[in-house]
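The following exercises concern a single protein model and are to be worked with its sequence and coordinates at hand. Each task is followed by a stepwise solution.

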Amino acid sequence: MSGLQKEVLFFLIPLAFLLVPNLAKIDTQKIFRYYSFGMVLYALFYFGNAIVRFIQTGNKAVFFYHELVTLDLNAIYVAVFASFAMFYFISRKGKTLLEQISIFILAVFIFLLSSKSIIFIDFLLIIYFYIYFAETQNSVKLLTIASVTAFLVFSLVFVKEIRERFLIEYETAFVDNTLNEDIGNGNVYNVSLNQAWNNEKFEQNHFFPGTAMRIYQTRIFGEMLQEQNIFFTGLGLEASQENIRKKTEEHNLYPGYGDFNFHNQYVQTFAELGIFGFLILVAMLVFNIKNAIADKNFLHIVFSLTMIILFLTESFFCRQRGIVFFVVLYSIFNAVRMQKKVLKPSL
């Protein structure tokens, strides 16, 4: 029942689109414009909030990651929402000064949110846009790509909070039990990828960096498949968390790790809905990217690729805000497209 309270939107939102008359006449660009300026206002609000908190506490951490937007709201989700808005402005032809300022505000906001996966995805999409979609001279394209690359490198080298989030993955990936200098009093050790996949038992003072945590979660999903008859039926909607807690206890992890979901939407769907739910999800994503490429719609491509890659690192549908974002944009791009295609001969 708790799962249905969130997941019912997969039915209700498309139903609402089916009931909207003249769907083909919806001005999607106007919708995206309002949305994107709304995200700029959100960014300015959180910048202001962080400045006030910094004045009160002197703590620079308030400008970064979950501290910037609160853990409950979650920096990764906000980064996804802000990225789509940024690419709306980037895709605009003949950008006004206000739109250029909006791009800068959102770009800074996304970097401060420090989501490694979103920064990586956005970097690839910017390069893709300037190679295939930007109607500018090659020299301008190269200069823009070089500037974006320089901004990324500068952030990784000189902004400590962002640099450390990337370095911990590199420094711990292949070396077992490196000392974690940010947590504990010199008695907390990082888990490598090899340990995450192979260790039968862990210690209470073991810390899982992001990639190692996802490797471990994929591993325990494999163990669940072997130990339980869930290939076709799955564990049930929202029923995987108790099994994750049992695995946390079985492998002697710190109990708090039992509260983390799989952090992989493909694995999450397979674990809860079985092979058929997994195949439906993959089919939806393939249908989405096929339509985006066929229409040569850059914003649709941004949405499609972001979801495909993000689902490898996040269980995006475990939060209602993720479901709403995905289903609304999926419906706007595909339902509106389909009705326009049906009505085109008569138009």
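**Exercise 1.** Compare the end-to-end reach of α7 with the span expected at 1.5 Å a residue.

*Solution.* In this predicted model, helix α7 contains 17 residues.

**Exercise 2.** Identify which residues of α7 are buried, and state which helices they pack against.

*Solution.* The criterion for burial is a relative accessible area under 20%. In α7, Ser117, Ile118, Ile119, Ile121, Asp122, Phe123, Leu125, Ile126, Phe129 and Tyr130 are buried. The buried residues of α7 pack against α5, α6, α8, α9 (160-172) and α14.

**Exercise 3.** Characterise the second largest pocket by its volume and its lining.

*Solution.* The volume of this pocket is about 900 Å³. Its lining comprises 34 residues, with Ile90, Lys95, Ile103, Phe129 and Tyr130 nearest the centre. Two or more lining residues come from each of α5 (75-91), α6 (97-113), α7 (116-132), α8 (138-158) and α14 (298-310). By class, the lining divides into 20 nonpolar, eight polar and six charged residues.

**Exercise 4.** Is Asn288 buried or exposed, and which residues does Asn288 touch beyond four places away in sequence?

*Solution.* Asn288 belongs to helix α13, residues 265-295. Its relative accessible area is 0%, and therefore Asn288 is buried. Leaving out residues up to four places away in sequence, Asn288 touches His300, Phe303, Ser304, Tyr330 and Asn334.

Definitions and conventions:
Residues numbered from 1 in each chain as written. Predicted model: local features only at pLDDT ≥ 70, side-chain atom pairs only at ≥ 80, totals over all residues. Heavy atoms only, no water. 1 Å grid on protein atoms, 1.4 Å probe; cavity = no way out; pocket = protein on both sides within 12 Å on 5 of 7 lines; lining within 4 Å. Points joined across faces, edges and corners; volume = space filled by probe spheres on them. Helix = DSSP H or I, 4+ residues; strand = E, 2+ residues; numbered from the N terminus. Nonpolar A, V, L, I, M, F, W, Y, C, P; charged D, E, K, R; others polar. Buried < 20%, exposed > 50% of the residue type's maximum accessible area, 1.4 Å probe, protein only. Contact = heavy atoms within 4.5 Å. Expected span 1.5 Å × (residues − 1).
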